[in-house]
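Please read the following briefing alongside the sequence and the 3D view.

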2 protein chains.
Amino acid sequence: MNAGASGARDRVLDTAERLFAERGPDAVSVRDITNAAGVNLAAINYHFGSKQALIAAVFERRMRPLTEARLRALDGVEAVAGDQPPKLEAVLDALFRPAVEQALDPARGGGTFAKLMARCLIEPNAVVEQTIRSDFETVVKRFDAALMRAMPGLTADDVFWRRHWLIGALHHSLLMLGRKPPGGRRLPLDIESYAERFVAFAAAGFRAVLPGESRKRSQAK
Amino acid sequence: MNAGASGARDRVLDTAERLFAERGPDAVSVRDITNAAGVNLAAINYHFGSKQALIAAVFERRMRPLTEARLRALDGVEAVAGDQPPKLEAVLDALFRPAVEQALDPARGGGTFAKLMARCLIEPNAVVEQTIRSDFETVVKRFDAALMRAMPGLTADDVFWRRHWLIGALHHSLLMLGRKPPGGRRLPLDIESYAERFVAFAAAGFRAVLPGESRKRSQAK
DNA sequence: GTCTATAACTAGATAGAC
DNA sequence: GTCTATCTAGTTATAGAC
């Protein structure tokens with residue numbers, strides 16, 4: 001939008017993202033942000049209009065690319081599968097790997113982004129509700145459909161709950177990035193191995209035979 | 001403490017818990033609480049000393065019984081197992097069922113409690129940090145030890161991550177209590193069936209053969 | 001124990017000079 | 001585009017009457 005001026009705007013975005021992740025948007029004042037960013041108090045209202053609009057901008061900047069990466073990955077998986085049901089692991093990989101990659105990449109928010117996402121899942125903040133939830137629902141809809149094709153024996157309810165549980169597991173674990181866990185452990189090694197481990201875990205949970213559905217599944221196939 | 005006076009104190013606790021869960025502690029003022037509870041503005045400072053102390057009291061009231069229920073359940077599982085390794089499903093049931101029960105029981109906070117717990121897992125609030133985290137670490141320590149006995153082929157890291165993922169999955173799902181999920185679904189049926197489904201899912205994830213550990217496990221047994 | 005009044009402070013937003 | 005000064009409204013906490 002602005003030809004070359006205002007690195008101020010970006011500095012505000014970066015600083016706000018960091019502070020929001022540390023303390024939560026509500027606990028951070030516009031004064032905290034402008035001071036830390038080294039810009040004037042009025043800058044936030046000038047560039048974004050209001051604090052609420054700034055919050056929305058911070059979330060959107062990270063959510064949009066994640067959504068796109070997930071959908072692109074799923075496109076690839078479905079293209080490979082063709083008419084056949086896609087492979088369960090491949091679908092889960094398309095869903096989870098982009099998030100792991102983003103959460104481990106400082107250039108795209110890193111752990112900060114992970115905390116923001118986790119927070120947005122529980123925070124009833126109206127802004128967050130609209131900017132993020134809509135993106136997320138698109139993702140969920142397409143992936144649930146793909147998961148049902150990958151696991152034709154499962155009911156829609158089964159798919160919903162297992163995917164839901166796993167989203168919770170992922171976000172909770174990304175949250176621990178950079179934070180010292182109780183046992184003194186650390187987020188492991190590299191993106192590759194972490195995503196791989198998580199997908200293997202997820203696939204096993206997805207293939208679990210639950211008390212009620214065992215009969216239905218064996219009939220369905 | 002007080003012989004029979006001050007139902008005000010309890011009304012404040014209940015109201016604060018509800019409002020905290022709805023909007024988050026930071027977004028709720030003491031005026032909001034005292035107005036909604038029908039007590040005087042000064043009541044919170046009189047009964048609790050400060051807003052921070054009230055927050056701590058609200059969290060503690062629900063966390064304590066949950067911790068005790070979990071440890072009691074684990075005691076039972078270990079007593080049954082005797083010298084043998086405990087059954088994986090039994091350990092997971094002891095860890096997760098008390099939380100599900102509490103989250104579905106209005107008398108013990110219900111969905112409100114679930115939201116509070118979820119919030120405390122990400123909120124860097126100092127009060128929450130100390131009152132809850134310490135309880136939670138006791139639980140985690142004892143259960144990780146039991147899980148290692150139940151799954152002797154897994155490394156400590158494996159147990160840590162799988163338990164961690166599942167705690168995230170549980171809390172994320174409890175969070176949806178009373179909230180309309182995207183697909184129009186609802187938390188199912190009854191405690192019994194939900195806990196059962198979750199434990200089955202958890203056990204499958206726990207038994208997953210991860211890329212790196214497959215060889216180690218088959219040797220260990 | 002309960003309440004009113006108010007102190008002491010901080011919030012987000014903006015008007016207007018530069 | 002940037003800054004200072006300021007406005008209005010909200011916050012927690014408390015002093016002191018009842």
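In which helix of chain B does B:Tyr46 lie? B:Tyr46 is part of helix H3, residues 43–48 of chain B; helices (H or I, at least four residues) are DSSP runs, numbered from the N terminus. This is a predicted model, in which local features need pLDDT of at least 70, side-chain atom pairs count only at pLDDT 80 or more, and totals for chains, interfaces and linings use all residues. Residues are numbered from 1 along each chain as its sequence is written, chains are lettered from A and ligands numbered from 1 in the order in which they are written, and side-chain values use heavy atoms, leaving out hydrogens and water.

**B:Tyr46**
- B:Tyr46 counts as exposed because its relative accessibility is 67%, and exposed means over 50% (1.4 Å probe, protein chains only).
- Between B:Tyr46 and B:Arg9 there are 9.5 Å in space, C-alpha to C-alpha, and the two are 37 residues apart in sequence.

**Domains of chain A**
- Chain A is assigned domain 1 (1–49) and domain 2 (59–209), with bounds from an automatic or database domain assignment.
- In contact (heavy atoms within 4.5 Å) are 11 residues of domain 1 of chain A and eight residues of domain 2 of chain A.

**Interface of the two domains**
- The two domains of chain A bury about 780 Å² between them, 53% of it on carbon and sulfur atoms; buried area is the accessible area (1.4 Å probe) lost on being put together, summed over both parts.
- A:Glu17, A:Ala21 and A:Pro25 supply 59% of the area that domain 1 of chain A buries against domain 2 of chain A, more than any other three residues.
- Three salt bridges cross this interface, each a side-chain nitrogen of Lys or Arg within 4 Å of a carboxyl oxygen of Asp or Glu.
- A:Arg61 and A:Glu17 form a salt bridge through their side chains (3.7 Å, N to O).

Methods:
Helix = DSSP H or I, 4+ residues; strand = E, 2+ residues; numbered from the N terminus. Buried < 20%, exposed > 50% of the residue type's maximum accessible area, 1.4 Å probe, protein only.
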